[in-house]
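Please consult the sequence and the model shown here alongside the text.

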Amino acid sequence: MKKIIITGGAGFIGSHVVRRFVTRYPDYEVINLDKLTYAGNLANLRDIEDRPNYRFVKGDITDTVFLDELFAAERPAAVIHLAAESHVDRSISSPLEFVLTNVVGTVNLLNAAKKHWEGEYDTHRFYHVSTDEVYGALGDTGMFTEETRYDPHSPYSASKASSDHFVRAYHDTYGLDTVISNCSNNYGSFHFPEKLIPLAINNIKNKRPVPVYGKGENIRDWLWVEDHARAIDVIFHGAASGETYNIGGHNEWKNIDLIQLLCGIMDKKLGRADGESARLITFVKDRAGHDLRYAIDATRLKQDLGWEPSLQFEEGLEKTVDWYLANEAWLQDVTSGHYQQYYAEQYGG
Ligand code: NAD
Ligand code: TYD
């Protein structure tokens with residue numbers, strides 16, 4: 001029985017990673033360690049919560065005593081670390097929370113691994129899940145490779161860059177077996193509706209304005225979340241110690257073109273006239289320090305481990321819309337309470 005702690009397993013990507021490991025590897029014991037912030041939701045894992053090889057532990061990675069006791073009691077063989085504050089706009093209004101969770105929390109986990117795995121580093125693995133945003137912004141051409149210089153611009157990306165550096169430092173200094181992956185923007189089910197795609201789906205559905213920052217010219221490289229979870233699986237099992245992999249969809253979209261495509265899909269699904277949803281598009285004040293373009297070169301991952309994205313974007317987006325329309329209760333639940341206050345502060349009403 002191999003015991004793995006997955007941090008942030010109640011969040012968007014973490015819940016897909018937990019589901020994949022629990023269902024695919026019945027001989028692994030998966031412990032989902034999550035604080036359940038506004039972004040964490042155990043409803044994301046209802047379908048697997050009764051599996052014998054799954055357990056949830058509520059806890060905070062900024063709490064060193066808790067981590068020490070957990071590692072001593074559970075003696076995990078590996079950590080897959082996804083817990084983080086993940087939203088750029090929130091990092092602009094509350095940068096310190098991002099330093100605490102993303103930087104200090106990651107170092108706390110590294111310290112627990114270093115202490116409890118001492119003398120056995122080669123049989124234990126620390127997998128750190130990171131973002132392409134550490135590389136900064138691209139102009140009209142080029143792609144991020146694993147050799148691209150770090151150049152983060154937002155407090156979020158600066159905190160993730162810092163955590164990546166600490167993970168590498170623990171590999172180089174103490175010999176911990178570490179792996180890092182840097183992935184592009186994900187989309188799919190259980191995505192919290194503060195991020196562009198689920199926020200737009202929710203607003204289009206409710207005939208509310210769809211806020212597009214600036215002129216909608218910014219470009220993101222979108223990957224279906226289940227393809228990311230599969231990439232994490234192959235990297236976790238196949239990467240050499242100290243290795244880094246970029247993960248991306250080869251799927252660049254200008255925000256405004258993406259929203260237009262989404263509006264067209266929603267018109268069809270909701271039986272609206274062509275162009276009706278697009279009338280909700282509202283250009284709003286641009287995000288401060290808004291990175292122009294992200295694009296990932298995932299050649300190394302394909303060459304070394306054979307991973308490629310499985311889904312065309314149009315198909316994935318339609319599947320995603322179908323999921324949100326079929327899961328009204330989930331959406332209602334996560335958009336009640338604090339979400340209303342966040343929305344009012346971010347978008348003014
Ligand atoms: P998310 O915000 O949906 O989930 C984060 C999870 O971490 C939540 O369940 C939350 O409760 C938990 N958490 C937060 N603070 C915690 C703490 N102090 N202790 C324990 N748990 C805590 O995030 P996501 O979009 O699923 O992203 C997961 C990881 O993947 C993050 O590290 C993020 O940087 C990275 N990533 C995300 C994307 C993306 O497009 N969303 C792309 C690349 C990389
Ligand atoms: P987001 O989903 O927040 O991801 P990230 O900032 O990590 O890439 O935003 C994706 C893109 O959409 C980004 O260019 C900002 C833009 N955006 C909007 O235009 N309007 C919105 O309401 C949000 C949340 C994002």
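## Basis of the description

A residue is counted as near a molecule or strand if one of its heavy atoms lies within 4 Å of it. This is a predicted model, in which local features need pLDDT of at least 70, side-chain atom pairs count only at pLDDT 80 or more, and totals for chains, interfaces and linings use all residues. Residues are numbered from 1 along each chain as its sequence is written, chains are lettered from A and ligands numbered from 1 in the order in which they are written, and side-chain values use heavy atoms, with hydrogens and water left out.

An N or O atom in the side chain of Arg 287 is 2.5 Å from an oxygen atom of ligand 2. For Asn 185, a polar side-chain atom lies 2.8 Å from an oxygen atom of the ligand, while Tyr 213 places a backbone N or O atom 2.8 Å from an oxygen atom of ligand 2. On its own, ligand 2 has 510 Å² of accessible area, and the protein covers 97% of it (Shrake-Rupley method with a 1.4 Å probe; for residues, only the protein chains shown count as cover).

## Surroundings of ligand 1

Ligand 1 is surrounded by 29 residues, the closest being Ile 13, Asp 34, Ser 86, Tyr 156 and Lys 160. Its shell comprises 12 nonpolar, 12 polar and 5 charged residues.

A polar side-chain atom of Tyr 156 lies 2.7 Å from an oxygen atom of ligand 1. Backbone N or O atoms also take part: that of Asn 186 lies 2.9 Å from an oxygen atom of the ligand, and that of Ile 61 lies 3.0 Å from a nitrogen atom. The protein covers 97% of the 840 Å² of accessible area that ligand 1 has on its own. Two or more residues of the shell come from each of helix 1 (12-24), strand 5 (125-131) and helix 5 (155-174); strand 5 gives the most, with 3 residues.

## Helix packing

Helix 1 and helix 7 (residues 225-238) pack at an angle of about 60 degrees, with their axes 9 Å apart. Axes are lines fitted to C-alpha atoms, for helices over the stretch in contact, and angles run from 0 to 180 degrees between N-to-C directions. Helix 1 and helix 7 are therefore oblique to each other (angles under 35 degrees count as roughly parallel, over 145 as roughly antiparallel, 65 to 115 as roughly perpendicular and the rest as oblique).

The axes of helix 8 (residues 255-269) and helix 10 (residues 313-326) come within 10 Å and cross at roughly 55 degrees. Helix 8 and helix 10 are therefore oblique to each other.

Definitions and conventions:
A polar contact is a pair of N or O atoms within 3.5 Å; within protein, one must be able to donate a hydrogen and the other to accept it, and residues adjacent in sequence count only if both atoms are side-chain atoms. Helices (H or I, at least four residues) and strands (E, at least two) are DSSP runs, numbered from the N terminus. Ala, Val, Leu, Ile, Met, Phe, Trp, Tyr, Cys and Pro count as nonpolar, Asp, Glu, Lys and Arg as charged, and the others, Gly among them, as polar.
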